[in-house]
Amino acid sequence: MPVAAPHLHERHRYLAGRPEVRAADLEWALTAPDIDAVWFARGGYGTAQVLASLPWERLRRRPVIGFSDATALVWALARRGIESIHGPVLTTLGPGPSASDEESRAVLRHLLTTGEAPVLPGTRLCGPERSVRGRVVGGNLTVLASLAGTPEAFRAEGAIVVLEDVTESPYRLERALCQLIDSGGLQGAVGIALGEFVGCEPPRGATYELTDMWSDKLGPLGIPVIHQLPVGHGSRNHAFHYGGEAVLSSDGLKPVGARTRVEVV
């Protein structure tokens, strides 16, 4: 049964309440014994502001479901060995311009009820043509880049990194990617899987494609890079186990094993 956070309808400027209020709600959601899962209602702008206030030693192992700005939390959990689910937020499950398509909803429901996630299909972009295995982390590119220099800085050692973003100009994406690379965030990654970059197309008349930028920046890493995964801010947003094991090959990302189920009513 859905349970609303105590201060769900609070407002503070463009946020759902002041940082201390949001931190208190998140602490409750992550520690209360009668909560089975934590599901972001929207993207979660401001999530990174409350990470320092969470009592990490008291958190219970329960799924957190979300993407976009929720990346800050699911990454912070993953670096502490707690898996989450990168997938549609509640407001994208109903009708509207940001709604997830029927296949994305079906994938999410299957994952929640069985613990099984499907293969995320993709296409080879650059790097060596080989299969690699690792835990799957990543998320929203600009959110991950913004964590550089903080206690929750992104680190991809031994991992497969999924990246996506929305309404960012190509030069801003390149800036965020450079920040992630130069800060050591991608050091030791075994593979990269690029999702959708909605509203990030080059301007009209441009003589380059986004794929040119990805290849220029990611190719020198010497690891396999695939793209066109059905993950991101578009209608296609297939869920996957964040922090779970998977195999990346030239045609997609295949999860290894099932994970914890969540009762859906």
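This is a predicted model: local features need pLDDT of at least 70, side-chain atom pairs count only at pLDDT 80 or more; totals for chains, interfaces and linings use all residues.
Residues are numbered from 1 along each chain as its sequence is written. Local features need pLDDT of at least 70, side-chain atom pairs count only at pLDDT 80 or more, totals for chains, interfaces and linings use all residues, and side-chain values use heavy atoms, with hydrogens and water left out.

**Exercise 1. Give the strand order of the open sheet of eight strands, and state which strands stand at the edges.**

Step 1. Strands (E, at least two residues) are DSSP runs, as are helices (H or I, at least four residues), numbered from the N terminus. Two strands pair if DSSP finds at least two bridges between them.

Step 2. The order reads β4-β12-β11-β6-β7-β8-β9-β5. The pairing is mixed.

Step 3. β4 (120-121) and β5 (123-126) are the edge strands. Each has a single partner strand, so one side of each is left without a neighbour in the sheet.

**Exercise 2. Trace the pairing from β6 through β7 and β8 to β9, naming a bridge pair at each step.**

Step 1. Strand β6 (residues 132-140) runs parallel to β7, with six bridges. Val 137 has Val 161 in β7 as its bridge partner.

Step 2. β7 (residues 159-166) is parallel to β8, again over six bridges. Here Ile 160 stands opposite Gly 191 in β8.

Step 3. β8 and β9 (residues 225-227) are parallel and share two bridges. Ala 193 is partnered by Ile 226 in β9.

Step 4. Now check burial. Of the eight residues in β8 (residues 191-198), seven are buried (under 20% relative accessible area; exposed is over 50%, partly exposed in between; 1.4 Å probe, protein chains only).

**Exercise 3. Find the handedness of the β-α-β unit made by β7, α5 and β8.**

Step 1. Apply the rule: with the strands pointing away from the viewer, a path from the first strand over the helix to the second that runs clockwise is right-handed.

Step 2. The unit of β7, helix α5 (residues 170-182) and β8 is right-handed.

Step 3. Follow the chain from β8 through helix α6 (residues 210-218) to β9: this crossover is right-handed too.

**Exercise 4. Is Ser 84 buried or exposed, and which residues is it in contact with?**

Step 1. Ser 84 lies in strand β3 (residues 84-86).

Step 2. Its relative accessible area is 2%, so Ser 84 is buried.

Step 3. Leave aside neighbours within four places in sequence. Contacts (heavy atoms within 4.5 Å) then include Val 64, Val 74 and Leu 77, together with Phe 240, His 241 and Tyr 242.

**Exercise 5. Describe the largest cavity and its lining.**

Step 1. On a 1 Å grid over the protein atoms alone, a cavity is a set of points where a 1.4 Å probe fits but cannot get out; lining residues have an atom within 4 Å of a point. Grid points are joined across faces, edges and corners, and a volume is the space filled by probe spheres set on the points.

Step 2. Two cavities of 30 Å³ or more are counted. The largest holds about 90 Å³.

Step 3. Its lining has 13 residues; Val 136, Phe 240, His 241, Ala 246 and Pro 255 lie nearest the centre.

Step 4. β10 (240-242), β11 (245-249) and β12 (252-255) each supply at least two lining residues. β12 gives the largest share, three residues.

Note on methods:
On a 1 Å grid over the protein atoms alone, a cavity is a set of points where a 1.4 Å probe fits but cannot get out, and a pocket is an open set with protein on both sides within 12 Å along at least five of seven lines; lining residues have an atom within 4 Å of a point.
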